[in-house]
Amino acid sequence: MQLYNTLTRKKEEFVPAVPGKVNMYVCGITAYDLCHIGHARSAVVFDVLVRYLRSTGLDVTFARNFTDVDDKIINRANQEGLSSTEVAEKYIQTFYEDMDRLNVLRADIEPKCTEHIAEMIQLCEDLIAKGKAYSTPSGDVYFRVRSFPEYGKLSGRDVDEMRSGARIAPGEEKEDPLDFALWKSAKPGEPFWESPWGKGRPGWHIECSAMSEKHMPLPLDIHGGGLDLIFPHHENEIAQTEAATDNHMARYWVHNGFVQVDSEKMSKSLGNFKTIRDILENYLPETLRFFLLTKHYRSPIDFTFEVMDDAEKNLKRIYETKAQLAEELSRAKWSKAELPADITTEFAESLAAWHTAMADDMNTAAALGHVFTIVRLINRVTEDKNLRKSEGARTLFTQAQEAFDRWAGILGLFSLDAGAFLNDLKLCRAARKGIDPAKVEALIVQRQEARKAKDFALSDSLREELTNLGVDVRDTPAGAVWDVL
């Protein structure tokens, strides 16, 4: 597999440090609010990476942390009249609920900041002993950025340029404006832990260094997160970890791109902030997951309701094809004919190209393109009454069904029962358009009764009424079925 390494700024062959085993650590949420679509993208991207690596036979140990003490958590606790612990546990639980709906697998290791205070204090002490950090009279501990010559190697920033214009704020006891906090002295009313420097709590950056080192041998094979974490979070992680351990922190640094909303950066101030729950009020969870995989993970992805509608239509096509496959394979008799060579050749090439796309820096966008090539080929066969009954068709249908099962395990898509999904999708679209399914069903019954009574004028009138509601009715041997136009 080729994987883009932010550290080297190029795609590299992914080779684990220990053959057959992968240690992967991804920065998780700060648990103070509901997860937004940006959280969803990161979670889905690294979920697919874990699934894909495992599908190749690698033994992956996946860690994703929770930040459960932080300024934002403390502020939310004060607003809600809760303790910081209660706030963090509340939003960790909502994270699980949202991720379960998006079919994101739980991590193997899920460390919390507050469960690793001793390790963080020890890391601070190690850095102070090496002269890489220092404590202040007020009880803060800072990392000496200039003591780590490689600072900036991940983000590409120059320390001297960063120093230009940087200032020490009034009241700060830093030696240098670039130095960052490893440990913060406690303010009145804040949660705190005893330390050699007095009552305090960890800085944000140090937690991942301490937790990853405790649970996994360094260097990690993969360390990941969103692009926004490259600087300062991951840059600072590298500095403090490598300065303390004299070892590399990670061999491959992987970062997913931003989510925009209507081509603008998502932010509460712009009023375009979308939580996962906001979106799932109107769309099925698998539609959101599908949408998030339609772009390469390193590219920005633009959320609009129009692209969500497109994702929904494309997902519907795939599930309709799955349903068609099941129906075709239920046939008892097949002719001995083979399929045309151009169909079988393109089918085989598309199956192989799917794996090539995933091995090329996990290009899910290209992989989904090959899925639709397979869908097109299946539809081409089923639309030909002679081809669809051939032994060659049965072979192709069987291979396609097996492929959908493999893709389901890797992409976390297409795993649901086709009939149930299509029905849920119909009801979801109906709700979005204000269509009452009970009213539709009642009108369809009236129309069927009118057809039986040969009252074709009433039947046509009822069909027109259904069309005006935004409903398409199709008469089948099993009865009338409806869908949203």
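Let me begin with a strand pair: S5 and S6, residues 141–143, run antiparallel and are joined by three bridges. Two strands count as paired here if DSSP finds at least two bridges between them. Within this pair, Ala133 has Phe143 of S6 as its bridge partner.

Before going on, the conditions. This is a predicted model, where local features need pLDDT of at least 70, side-chain atom pairs count only at pLDDT 80 or more, and totals for chains, interfaces and linings use all residues. Residues are numbered from 1 along each chain as its sequence is written, and side-chain values use heavy atoms, with hydrogens and water left out.

Back to the sheet. S5 and S6 belong to an open sheet of four strands, ordered S5-S6-S7-S8, with antiparallel pairing. Which strands stand at the edges? They are S5 (133–135) and S8 (200–202); each has a single partner strand, so one side of each has no neighbour in the sheet. From one strand to the next, the twist averages 20°. Helix H4, residues 117–129, packs on this sheet and touches S5, S6, S7 (180–185) and S8. The direction of H4 makes about 125° with that of S7. For such angles, axes are lines fitted to C-alpha atoms, for helices over the stretch in contact, and the angle runs from 0 to 180 degrees between N-to-C directions.

Next, an open sheet of three strands, in the order S12-S11-S13, with mixed pairing. Its edge strands are S12 (264–265) and S13 (301–303), each pairing on one side only. Strand S11, residues 259–261, pairs with S13 in the parallel sense over three bridges. There, Val259 has Ile301 of S13 as its bridge partner.

Then the hairpin. S1 (residues 2–5) and S2 (residues 10–13) pair antiparallel over four bridges, and Tyr4 stands opposite Lys11 in S2. Four residues lie between the two strands, and Arg9 in the turn has a positive phi of about 60°.

Now burial, where buried means under 20% relative accessible area, exposed over 50%, and partly exposed in between, with a 1.4 Å probe and protein chains only. How many of the 16 residues of helix H7 are buried? The count is 13, so H7 (residues 230–245) is largely enclosed by the rest of the structure. Just after H7, Asp246 takes a positive phi of about 55°.

Asn23 is buried, at 18% relative accessible area. Leaving out residues up to four places away in sequence, Asn23 touches Thr61, Met216, Pro217, Leu220, Asp221 and Ile222. Contact means heavy atoms within 4.5 Å.

Finally, the chain as a whole. There are 16 helices and 15 strands; these are DSSP runs numbered from the N terminus, with helices being H or I of at least four residues and strands E of at least two. The C-alpha atoms fill a box of roughly 95 × 50 × 35 Å along the principal axes. Of the 485 residues, 50% count as buried. Among contacts with a separation of 6 or more, 75% come from residues 24 or more positions apart. The accessible surface is about 22,000 Å², with 49% belonging to carbon and sulfur atoms, by the Shrake-Rupley method with a 1.4 Å probe.
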